[in-house]
Amino acid sequence: ITIRNRNGMLHNHNLLYWYKQLYTEQFGHVTDFTQKKILEVGSGTSPLKLFYPHVTTSDVMELDYLDHVFNAEAIDAFAPIPDESIDIISLTNVLHHLKSPCDFLIKASRKLKKNGQVIFTEPHVSVLSKPLYLYLHYESTDLYIKTPELPAIEGPLSSANNALPFLIFNGPWADTLRGTYTFSKNDRRYFSALSYMATGGIRRNFRIPGFLYKPCFHIDLALSRLFPKLFASFFIQVLTKQ
């Protein structure tokens, strides 16, 4: 499924444009980015390395275009990546697939240099996106969890709660990370409303002409930034290791 989705993504020019803009937003604040040691966790279909060839990719699944294969839940024990060797750990729509995102983030800090960063993008629940995630998205969205984790893991791509990171970082559960990372809502940026869905995502290609899609994307992005509680479908959060 992942290989099929990746092949489809590589032929979806609007989706690649969406990712390019996302990565610009994620890493635009990083000085000398091409000189940094970047680890992407949960690469899957991600096109990050297409835009930044120096990035080290990884996933739990064995895919022939990856640099490392390991279980993210045990990143602290993965010896091929030395402790305190990474400048930035990047994740795009990965945390909501992990059994315990908070535990992962604490373990991942072991691989970061001092003042290293985790930069992740996850679904944001707004007035617009809430019904989309609840009723139209193929992954589960549960807004009423009692603990900040998934109840069970059935396998790669099989377990998810789109709302999990949103609930963690908009509630008291985020405090469990404050002994490890420095972060605030000022480090958060909001990204896009409907422009991801308009590409068809990784499973479809709606083939909207680029000359129409690109200006609509920037209007969509502006709305998500100006009125995130109404329109934003994703949020980008930066965590800095203490």
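The entries below go through the aromatic pairs, then the charges over rings, then the threonine.

**Aromatic pairs.** A reminder to myself that the model is predicted. I counted the ring pairs and got 20 aromatic pairs. I then picked out W18 and F191, whose ring centres lie 5.2 Å apart with 70° between the planes. That angle is over 60 degrees, so I filed the pair as edge-to-face. Where do the two partners sit in the chain? I found W18 in helix α2 (residues 13-27) and F191 in strand β7 (residues 189-191), so placed that 173 residues separate them and the pair links distant parts of the chain. Both W18 and F191 are buried.

I looked at Y23 and F27 next. Their ring centres are 6.4 Å apart and their planes meet at 25°, so I wrote this pair down as stacked. Both residues belong to helix α2, four residues apart, which is about one turn of the helix. Are they buried or exposed? Y23 has a relative accessible area of 0% and is buried; F27, at 3%, counts as buried too.

**Charges over rings.** I checked two arginines. R178 lies over the face of F183, 4.2 Å from the ring centre. R203 has its charged end over the ring of Y138, at 3.8 Å from the centre.

**The threonine.** I found T57 in strand β2 (residues 56-59). Its relative accessibility is 5%, which is under 20%, so I marked T57 as buried. Leaving aside residues up to four places away in sequence, T57 touches E40, S43, K49, Y65, L66, D67 and H68.

Key: Residues are numbered from 1 along each chain as its sequence is written. This is a predicted model: local features need pLDDT of at least 70, side-chain atom pairs count only at pLDDT 80 or more; totals for chains, interfaces and linings use all residues. Side-chain values use heavy atoms; hydrogens and water are left out. Helices (H or I, at least four residues) and strands (E, at least two) are DSSP runs, numbered from the N terminus. Buried means under 20% relative accessible area, exposed over 50%, partly exposed in between (1.4 Å probe, protein chains only). Contact means heavy atoms within 4.5 Å. Rings of Phe, Tyr and Trp (its six-membered ring) pair if their centres lie within 6.5 Å; planes under 30 degrees apart count as stacked, over 60 as edge-to-face and the rest as tilted. A charge sits over a ring if NZ of Lys or CZ of Arg is within 6 Å of the ring centre and within 35 degrees of the ring normal.
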